[in-house]
Amino acid sequence: MRHVIALDVGGTGMKAALVGRRASCCTRARRATGRERGPDAVVEHILDFAAELRAYGEEQYGEPASAAGVAVPGIVDAERGIAAYSANLGWRDVPLRDLLAARLGGVPVALGHDVRTGGLAEGRIGAGKGADRFLFVPLGTGIAGAIGIDGRVEAGAHGFAGEVGHIVVRPGGLRCPCGQTGCLERYASAAAVTEAWATASGNPSADAADCAKAVDSADPVATTVWHQAIDALADGLVTALTLLDPRTIIIGGGLAEAGETLFTPLREAVRRRITFQKLPSLVPAALGDTAGCLGAGLLAWDLLNSTDRTEVAR
């Protein structure tokens with residue numbers, strides 16, 4: 001069976017799959033990145049993991065993987081196949097595509113940014129399936145974004161497209177690590193809600209999920225914290241939809257796990273703010289933590305489809 005290797009590399013762990021056509025996963029596996037041993041060790045862990053998957057695929061399916069796709073955090077130069085920078089992994093200018101290709105016997109390798117790769121999967125086979133224009137926004141430790149156009153994700157001229165977390169929504173507000181003040185992710189990420197609720201509740205171990213539960217219990221302090229975050233998020237999303245005019249906005253990440261506690265007031269907050277803009281569908285992500293891995297598989301298949309026009313599904 002023809003298949004590709006898909007790898008989703010996070011700050012502490014890696015998810016992988018052997019992916020057949022139509023994004024069907026025939027094998028899944030997880031490993032630690034080995035980050036505690038330094039950036040070079042992370043690269044070796046990735047290469048070793050990929051080689052194990054190649055050997056397993058050859059044994060189980062009668063042939064080695066035809067290509068590989070890998071999603072990584074940080075700044076990615078996908079055109080040159082370089083992981084340019086990652087604070088989490090301590091990387092700078094790692095030629096990951098070439099290293100993987102060499103370890104995997106010369107097969108083509110696609111390299112992608114983790115959020116854009118997850119957005120590709122959500123847009124093509126997940127919550128945005130069928131939408132010609134979508135915006136994927138995961139609300140986690142930070143806030144990033146993926147701009148979907150006709151089944152692909154726009155990286156931008158320099159690889160920074162979709163960084164909606166750094167839209168300034170509160171000028172002169174909290175300082176962001178990016179150097180600006182008042183960035184969206186300082187107010188509406190899961191980390192920001194955790195920080196605000198831990199302070200407001202007087203419980204340093206409280207997190208965003210606890211805040212959502214308190215909102216459901218009609219706690220007035222939690223409700224204030226929650227709606228401040230929603231107001232900031234709505235401001236950022238309206239700026240984004242004014243520029244991009246997406247048909248669908250897909251919200252993922254840890255904060256989206258609050259379900260309608262988030263989505264009902266967020267939809268209303270966005271609706272109140274629009275004037276001439278068209279109101280997009282605002283929906284939860286569908287693929288969970290498999291999105292990055294599935295997206296890496298799609299990148300690999302796209303690479304094959306662009307270079308092997310004689311290939312037929314089998």
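The following exercises with worked solutions concern a predicted model. Local features require pLDDT of at least 70 and side-chain atom pairs pLDDT 80 or more, while totals for chains, interfaces and linings use all residues. Residues are numbered from 1 along each chain as its sequence is written, and side-chain values use heavy atoms, with hydrogens and water left out.

**Exercise 1.** Determine where Ser66 is found and whether Ser66 is buried or exposed.

*Solution.* Step 1: Ser66 belongs to the loop between helix H1 (39-61) and strand E4 (68-72); helices (H or I, at least four residues) and strands (E, at least two) are DSSP runs numbered from the N terminus. Step 2: the relative accessible area of Ser66 is 14%. Buried means under 20%, exposed over 50%, and partly exposed in between (1.4 Å probe, protein chains only); Ser66 is therefore buried. Step 3: leaving aside residues up to four places away in sequence, Ser66 touches Arg2, His3, Val107, Pro108 and Leu304, where contact means heavy atoms within 4.5 Å. Step 4: the side chains of Ser66 and Arg2 make a polar contact at 2.8 Å. Such a contact is a pair of N or O atoms within 3.5 Å; within protein, one must be able to donate a hydrogen and the other to accept it, and residues adjacent in sequence count only if both atoms are side-chain atoms.

**Exercise 2.** Describe the open sheet formed by five strands and explain why one side of E11 and of E13 lacks a neighbour.

*Solution.* Step 1: the strand order is E11-E10-E9-E12-E13, with mixed pairing; two strands pair if DSSP finds at least two bridges between them. Step 2: E11 (152-154) and E13 (281-284) stand at the edges with a single partner strand each, so one side of each has no neighbour in the sheet. Step 3: within the sheet, E9 (residues 133-138) and E12 (residues 248-252) pair in the parallel sense over five bridges. In E12, Gly252 is the bridge partner of Pro138.

**Exercise 3.** Locate Pro220 and classify its accessibility.

*Solution.* Step 1: Pro220 is found in helix H7, which spans residues 220-244. Step 2: Pro220 has 61% relative accessibility and therefore counts as exposed. Step 3: Pro220 and Gln277 lie 57 residues apart along the chain, and their C-alpha atoms are separated by 32 Å.
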